[in-house]
Amino acid sequence: MAETTGQELAPVEVGSVSQWLTSQGFEHRFLGRDHQGVEILQVDREVLLPIATALYGYGFNYLRCQGGYDVGPGQELVSFYYLVKLADNADRPEEVCVKVFLPRHDPKVPSVYWIWRTADWQERETYDLYGIEYVGHPHLKRILLPEDWVGWPMRKDYVTPDFYELQDAY
C-alpha cells in the first residue's frame with residue numbers, strides 16, 4: 001500500500017495549443033508551462049516543419065526568439081522556438097514554446113527560415129555557438145566567431161583553447 005503525505009499533486013492542465021495540435025493529429029508532448037505561463041511543447045525533429053506550418057496557419061505569425069541550449073555534458077542539445085500570435089487590439093498575445101531535443105552526435109533539425117524569416121540570424125547564432133545544424137537554411141555559417149574557429153563554445157563540454165591566433169582579415 002502506498003503512503004500518502006496528505007498533499008496531492010494537482011493535475012497539470014494541458015494547454016489550448018497542445019489540445020488543438022492533438023485534435024489535428026500532430027504528435028507532441030506537453031511539457032507544462034514556463035514561469036510566465038507559456039505552454040512548452042516537445043516535438044520530434046521529423047515533424048517540426050509540419051507542426052511549425054500548422055502553428056503558423058493557426059495564427060502564430062511571429063517568431064519572437066529562437067535559440068539553443070545544452071542539457072549537459074554528453075546529453076542532448078535543444079533547439080527552441082518562442083512563437084507569438086500577433087493580432088490587432090490584442091492585450092496579451094498568445095504564446096507557445098516549441099522544443100526539439102537533439103542527439104549530441106547528430107544535432108540536425110530542419111530550418112524554419114522559410115516559415116519565419118526572423119529565424120535567419122537566430123539559427124545562425126545557435127549553429128555558431130552550439131553546433132546545431134539547421135538543414136535547409138539558405139546561408140548557414142558562423143555569425144559571431146571566425147570561420148576557422150574549432151568547436152562550439154556554448155556546449156557544456158567545450159574546452160577553451162589556450163591560444164587562438166587572430167589573423168588579418170584583409
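This is a predicted model: local features need pLDDT of at least 70, side-chain atom pairs count only at pLDDT 80 or more; totals for chains, interfaces and linings use all residues.
I started by noting that helices (H or I, at least four residues) and strands (E, at least two) are DSSP runs, numbered from the N terminus.

Residues are numbered from 1 along each chain as its sequence is written, and side-chain values use heavy atoms, leaving out hydrogens and water.

**Helix α3**

I checked the length of α3, residues 119-130: its twelve residues reach 16 Å from the first C-alpha to the last, close to the 16 Å expected at 1.5 Å a residue. The expected span is 1.5 Å times one less than the number of residues.

Next I asked which residues of α3 are buried. Buried means under 20% relative accessible area, exposed over 50%, and partly exposed in between (1.4 Å probe, protein chains only). My list includes Ala119, Arg124, Tyr127 and Leu129. Nine of the twelve residues are buried, so α3 is largely enclosed by the rest of the structure. Its buried residues pack against β3 (62-70), β4 (77-85) and β7 (133-135), with contact meaning heavy atoms within 4.5 Å.

**Cysteines**

How many disulfides are there? I counted zero, taking a disulfide as a pair of cysteine sulfur atoms within 2.5 Å. The sulfur of Cys65 lies 8.6 Å from the closest cysteine sulfur, in Cys97, which is too far for a bond. Cys65 is partly exposed, at 27% relative accessible area, while Cys97 is buried, at 0%.
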